[in-house]
Amino acid sequence: MKIRIELEENLSEDEVVIRCRSLTDEVKQVQNAVATATSSQQSFILYKEDTEYYVALSDILFFETEGSQLYAHTRDNAYQAKYRLYELEEILPGYFLRVSKSTIVNVKEIYSLSKSNLTSTSVAAFADSHKQVFVSRHYSKLLKEKLTEVRMRG
């Protein structure tokens with residue numbers, strides 16, 4: 001794989017283009033690395049009553065649906081988001097992962113993962129927050145793999 005950087009001072013915005021013969025795992029890893037590197041500055045427009053908030057993606061612990069509404073949860077607040085979960089799956093960087101039918105988590109913010117005694121689900125907890133989410137059995141193995149991957153990268 002070749003990597004080339006072209007400097008163009010007249011660009012209004014930086015752009016990263018990946019040219020490839022096919023979408024291999026290696027190309028996907030490069031795409032995820034670029035998305036992860038640039039997403040820390042990315043912010044989402046979220047809502048609470050009549051106010052718009054600009055919340056850094058890195059501050060969001062998880063997205064969760066309640067009825068027909070989607071909420072973005074930070075450590076201290078919950079904001080309404082104007083997306084669908086499937087739309088978020090397409091635009092969020094690789095450290096976000098769906099863990100149930102109604103929840104996508106920021107894997108970097110998970111502090112602990114414990115088995116629920118009542119069901120075969122797990123419970124993910126977040127550092128410095130009382131908030132927790134249920135991880136369905138279907139997504140549990142994938143989450144553990146993603147936690148290992150994210151922790152190894154740093």
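I noted the source next. The model is predicted, so to speak of local features I need pLDDT of at least 70, and side-chain atom pairs count only at pLDDT 80 or more, while totals for chains, interfaces and linings use all residues. Residues are numbered from 1 along each chain as its sequence is written, and side-chain values use heavy atoms, with hydrogens and water left out.

I traced an open sheet of 3 strands in the order 8-9-10, with antiparallel pairing. Two strands pair if DSSP finds at least two bridges between them. At the edges I found strand 8 (110–115) and strand 10 (132–135), each of which pairs on one side only. Neighbouring strands of this sheet are turned by 25° against each other on average, direction ignored. The axes are lines fitted to C-alpha atoms, and angles run from 0 to 180 degrees between N-to-C directions.

**Entry on strand 9**

I then asked how many bridges join strand 9 to strand 10. There are 4, and strand 9 comprises residues 122–126. Within this pair, Ala-124 stands opposite Val-133 in strand 10. Strand 8 is joined to strand 9 by 5 bridges, and I located Ser-112 opposite Ala-125 of strand 9.

Is strand 9 mostly covered or uncovered? I recorded it as mostly covered, since 5 of its 5 residues are buried, where buried means under 20% relative accessible area, exposed over 50% and partly exposed in between (1.4 Å probe, protein chains only). Ser-122, Ala-124 and Phe-126 point one way from the strand, and Val-123 and Ala-125 point the other way.

I also followed the chain from strand 9 to strand 10, which form a hairpin with 5 residues between them. In the turn, Asp-128 has a positive phi of about 55°.

**Entry on Tyr-47**

I turned to Tyr-47, which is found in strand 1 (residues 43–48). Tyr-47 counts as partly exposed because its relative accessibility is 21%. Leaving aside neighbours within four places in sequence, I listed its contacts as Glu-52, Tyr-79, Gln-80 and Lys-82; contact means heavy atoms within 4.5 Å. Lastly, I noted that the C-alpha atoms of Tyr-47 and Arg-137 are separated by 31 Å, and that these residues are 90 apart along the chain.

Methods: Helix = DSSP H or I, 4+ residues; strand = E, 2+ residues; numbered from the N terminus.
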